[in-house]
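Here is a short tour for a first-time reader. Keep the sequence and the 3D view side by side as you go.

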Amino acid sequence: MAGKSDKILVWDVPVRLFHWLLVALMATSYFSGRAGGDWMQLHFWSGYAILTLLLFRLVWGFVGSTTARFTSFLKGPRAAFAHVAHLFRKEGPCDVGHNPVGGAMVLVLLFAVLAQVVTGLFSADTDTGMVNGPLALKVADKWVERATDFHAWWINVLLILVAAHVAAVVLYLVWKRHNLIGAMITGRKRIEQAVEPGAPAPRLAFASSRLAMSVLLACAALVYFIVRAGG
């Protein structure tokens with residue numbers, strides 16, 4: 001039975017918390033938005049929290065731990081196509097953090113969710129006029145209408161992207177025997193799934209929790225001032 005000695009720490013706490021909080025908040029935003037009415041207040045608060053998390057993750061992609069940085073997993077099309085070729089074989093490849101395809105999906109999801117949240121800031125309830133995003137009164141009506149239409153339509157794109165992400169995780173679990181969900185919970189991967197046979201374990205640098213908290217508070221303050229700007 002595998003123990004900690006058979007595994008290597010690859011994901012820091014901020015990345016793991018970001019991932020699962022984003023999952024919970026996106027579900028909250030989706031169902032509260034569908035419910036409407038009094039649930040819209042929760043929808044807005046959830047959206048503000050998501051925006052805070054997204055800004056944090058973008059900054060963390062430059063100043064965070066080794067595997068959290070964009071430079072560690074954004075490898076370009078050639079690496080992505082090479083990785084796809086491995087999907088037809090049960091063995092390999094080994095990736096300490098995100099693989100090239102997964103890394104590209106991370107970036108796509110980040111900006112897809114960001115687009116949804118930003119347009120929500122400028123959206124309005126065109127039927128009653130009683131529910132408006134905090135910045136809806138700061139722009140011309142035509143832009144509010146476009147933002148509202150995009151916000152309502154783009155959620156379908158997000159659902160497709162999320163479904164593709166979940167399908168990929170299931171594929172890796174069933175076909176490759178890589179438990180990506182477990183790794184995102186514990187932060188650890190099996191050594192043979194992270195490091196090529198015979199290769200030395202990578203030297204990973206993990207950023208401090210104090211830095212993570214400072215970045216998070218700065219992002220929360222920025223979102224607060226954005227929301228207040230519409231008040």
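## An exposed loop residue

R203 sits in the loop between α8 and α9. This is a predicted model. Is R203 buried or exposed? Its relative accessibility is 87%, and the cut-off for exposed is over 50%, so R203 counts as exposed.

Now look from R203 to T186. The two are 17 residues apart in sequence. In space, their C-alpha atoms are 19 Å apart.

## The chain as a whole

The chain has 231 residues, and 37% of them count as buried. Its secondary structure comes to nine helices and two strands. Starting at the N terminus, the order is β-α-α-α-α-α-α-α-β-α-α. Along the principal axes, the C-alpha atoms fill a box of roughly 65 × 40 × 35 Å.

## How confident is the prediction?

The average pLDDT of the chain is 89. At least 70 is reached by 92% of the residues. Where is confidence lowest, and where is it highest? The lowest mean, 79, belongs to helix α8, residues 191-194. The highest, 97, belongs to helix α2, residues 40-63.

Where pLDDT is low, predicted coordinates should not be read in detail.

## Helix α2 against helix α9

Two packed helices are described by the angle between their axes and by the distance between those axes. Take α2 and α9 as a pair. Helix α9 covers residues 209-229. The axes of α2 and α9 are 9 Å apart, and the packing angle is about 135 degrees. The two helices are therefore oblique to each other. Their crossing is right-handed.

Which residues of α2 meet α9? They are Y48, L51, T52, L55, F56, V59, W60 and V63. On the α9 side are L211, A212, V215, L216, C219, A220, L222, V223 and V227. The residues of this contact divide into 16 nonpolar, one polar and no charged.

## Helix α2 against helix α5

Helix α2 also packs with α5. Their axes come within 10 Å and cross at roughly 140 degrees. That makes α2 oblique to α5. The crossing of α2 and α5 is left-handed, whereas that of α2 and α9 is right-handed.

From α2, the residues in this contact are G47, Y48, I50, L51, L54, R57 and L58. From α5, they are L110, F111, V113, L114, V117 and L121. The residues here divide into 11 nonpolar, one polar and one charged.

W154 is found in helix α6. Its relative accessible area is 18%, and buried means under 20%, so W154 is buried.

What does W154 touch, leaving aside its neighbours within four places in sequence? It is in contact with A112, A115 and Q116. W154 and T119 are 35 residues apart along the chain, and their C-alpha atoms are separated by 9.6 Å.

## A buried glycine in a loop

The loop between α5, residues 100-121, and α6 holds G133. G133 is buried, with a relative accessible area of 6%. Residues up to four places away in sequence aside, G133 touches F44, G120, L121 and S123.

Compare the position of A104. G133 and A104 are 29 residues apart in sequence. From C-alpha to C-alpha, they are 30 Å apart in space.

Most residues other than glycine have a negative phi. R177 is not a glycine, yet its phi is positive, at about 60 degrees.

Where does R177 lie? It is in the loop between α6, residues 141-176, and α7, residues 180-186. With a relative accessibility of 60%, R177 counts as exposed.

How values were computed
Residues numbered from 1 in each chain as written. Predicted model: local features only at pLDDT ≥ 70, side-chain atom pairs only at ≥ 80, totals over all residues. Heavy atoms only, no water. pLDDT = per-residue confidence, 0-100. Helix = DSSP H or I, 4+ residues; strand = E, 2+ residues; numbered from the N terminus. Buried < 20%, exposed > 50% of the residue type's maximum accessible area, 1.4 Å probe, protein only. Axes fitted to C-alpha atoms, helices over the stretch in contact; angles between N-to-C directions. Parallel < 35°, antiparallel > 145°, perpendicular 65-115°, else oblique. Left-handed = near helix turned anticlockwise from the far one by under 90°. Contact = heavy atoms within 4.5 Å. Nonpolar A, V, L, I, M, F, W, Y, C, P; charged D, E, K, R; others polar.
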